[in-house]
Amino acid sequence: MDCPICKTAMEKGGIVTGGVTAMWHPLSEFEKKKWKRIIYTDGKPIGKSSVLLNQTRIPNAYFCQSC
């Protein structure tokens, strides 16, 4: 897959978060400022969480070394 910003080839991999569930939020929620950032609503969990390992794994993530 090519980077949509710089058009360089991106490396396929995955994201692993530790201790929290990764959440996707609509832009209006994501751009909250100051104290409003304490509470987010309308979030959608992404990835597969493991309580035992205390991590969330998100497959099919791409990374651009150039950007």
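Glu-29 counts as buried because its relative accessibility is 11% (buried means under 20% relative accessible area, exposed over 50%, partly exposed in between, with a 1.4 Å probe and protein chains only). This residue lies in helix α1, in a predicted model where local features need pLDDT of at least 70, side-chain atom pairs count only at pLDDT 80 or more, and totals for chains, interfaces and linings use all residues. Residues are numbered from 1 along each chain as its sequence is written, and side-chain values use heavy atoms, with hydrogens and water left out.

**Overall form**

- The C-alpha trace spans about 35 × 35 × 15 Å along its principal axes.
- Of the 67 residues, 15% count as buried.

**Strand pairing**

- Strands β1 (residues 11–18) and β5 (residues 55–63) run antiparallel and are joined by seven bridges; two strands pair if DSSP finds at least two bridges between them.
- Glu-11 has Phe-63 in β5 as its bridge partner.
- β5 also pairs with strand β4 (residues 48–50), in the antiparallel sense and over three bridges.
- Ser-50 stands opposite Gln-55 in β5.
- The hairpin of β4 and β5 has four residues between the strands, and Asn-54 takes a positive phi near 55° there.

**Around Glu-29 and Ile-39**

- Leaving aside residues up to four places away in sequence, Glu-29 touches Ile-39, Tyr-40 and Thr-41 (contact means heavy atoms within 4.5 Å).
- Ile-39 is in the loop between α1 (27–30) and β3 (44–45), and this residue counts as exposed because its relative accessibility is 58%.
- Together with Trp-35 and Ile-38, Ile-39 forms a nonpolar surface patch with about 440 Å² of accessible area.
- Patches are made of residues with over 30% relative accessible area and no salt bridge, with like charges joined within 9 Å and nonpolar side chains (Val, Leu, Ile, Met, Phe, Trp, Tyr) within 5 Å; a salt bridge is a side-chain nitrogen of Lys or Arg within 4 Å of a carboxyl oxygen of Asp or Glu.

Methods:
Areas by Shrake-Rupley, 256 points an atom, 1.4 Å probe, with all protein chains shown as cover. Helix = DSSP H or I, 4+ residues; strand = E, 2+ residues; numbered from the N terminus.
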